[in-house]
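Reader: I have a chain open here and would like to go through it with you. Can we start with the strands and move on from there?

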Amino acid sequence: MKNVKYFVVVAKCGHVGRNRYFRGEFYITAADGKEAARIARGKPRVKHDHDDAILSVEEITLEDFVVGEAVRDMCPYWTCSSRWEQEKIMPEIEKFIFPETEAHIRKKTKSKGKPWKAYKRPGCVQTRDYETYYEEMTERAV
């Protein structure tokens, strides 16, 4: 691979509670910063649906890259594989957990008046209009 550069990409990672994120560092080799950000966004645990999931991209040296990967591998957030394991390590990673930005919280909780869709199978509830659903179900039963 020609012209390889080393980057540290800081991204918002999930699975730490509602409206919170873990500040995760990814050490990535890429041709440029834009490609490094794209690769980091596709990594597991990154909040893929957030427009602001990538917090920063910085070019680093090979020595910083090697040391950073070693330090990252020692972080318990990246090694736990179940919910109960993560609950045990929460005191250790709490200093890397931050509240979500106000704009994103408002965006997630604001209702846009669109109907709630459950499943696309026939007979499933398609909207939040439960009274209509109840009437339809009672008509079918009769």
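Reader: Which residue in β2 does Lys5 stand opposite?

Author: Lys5 stands opposite Ala30 in β2. The model is a predicted one, where local features need pLDDT of at least 70, side-chain atom pairs count only at pLDDT 80 or more, and totals for chains, interfaces and linings use all residues. Residues are numbered from 1 along each chain as its sequence is written, and side-chain values use heavy atoms, with hydrogens and water left out.

Reader: How many bridges join β1 to β2?

Author: There are 9 bridges between β1 and β2, and the two run antiparallel. Two strands count as paired if DSSP finds at least two bridges between them. Strands (E, at least two residues) and helices (H or I, at least four) are DSSP runs, numbered from the N terminus.

Reader: What happens in the hairpin of β1 and β2?

Author: That hairpin has 6 residues between the strands, and His15 takes a positive phi near 70° there.

Reader: What is the strand order in the sheet?

Author: The 4 strands form an open sheet in the order β3-β1-β2-β4, with antiparallel pairing. β3 and β4 (97-99) are the edge strands, each pairing on one side only. From one strand to the next the twist averages 30°; axes are lines fitted to C-alpha atoms, for helices over the stretch in contact, and angles run from 0 to 180 degrees between N-to-C directions.

Reader: How many bridges do β2 and β4 pair over?

Author: They pair over 3 bridges, in the antiparallel sense. Ile97 in β4 is the bridge partner of Phe22, and Pro99 in β4 is that of Arg20.

Reader: On to the helices. Which residues of α1 are buried?

Author: Ala36, Ala37 and Ala40 are buried in α1, which covers residues 33-41. Seen down the axis of α1, the buried residues fall within an arc of 100°, so they line one face of the helix. The arc is that of the directions from the helix axis to the C-beta atoms. Buried means under 20% relative accessible area, exposed over 50% and partly exposed in between, with a 1.4 Å probe and protein chains only.

Reader: And which residues are exposed on the other side of α1?

Author: Lys34 and Arg38 are exposed there.

Reader: What covers the buried residues of α1?

Author: The cover includes β1 (5-13), β2 (20-30) and β3 (54-60). Contact here means heavy atoms within 4.5 Å.

Reader: Where does α2 lie?

Author: Helix α2 (residues 62-74) lies across β1, β2 and β3, and runs at about 140° to β2.

Reader: Now Lys47. Is that residue buried or exposed?

Author: Lys47 counts as buried, at 15% relative accessibility. Its place is in the loop between α1 and β3. Leaving aside residues up to four places away in sequence, Lys47 touches several residues, including Lys12, Arg20, Arg41 and Glu100.

Reader: How many disulfides does a search of the whole structure find?

Author: The search finds 0 disulfides, a disulfide being a pair of cysteine sulfur atoms within 2.5 Å.

Reader: Are Cys13 and Cys80 buried or exposed?

Author: Cys13 is buried, with a relative accessible area of 0%. Cys80 also counts as buried, at 8% relative accessibility.
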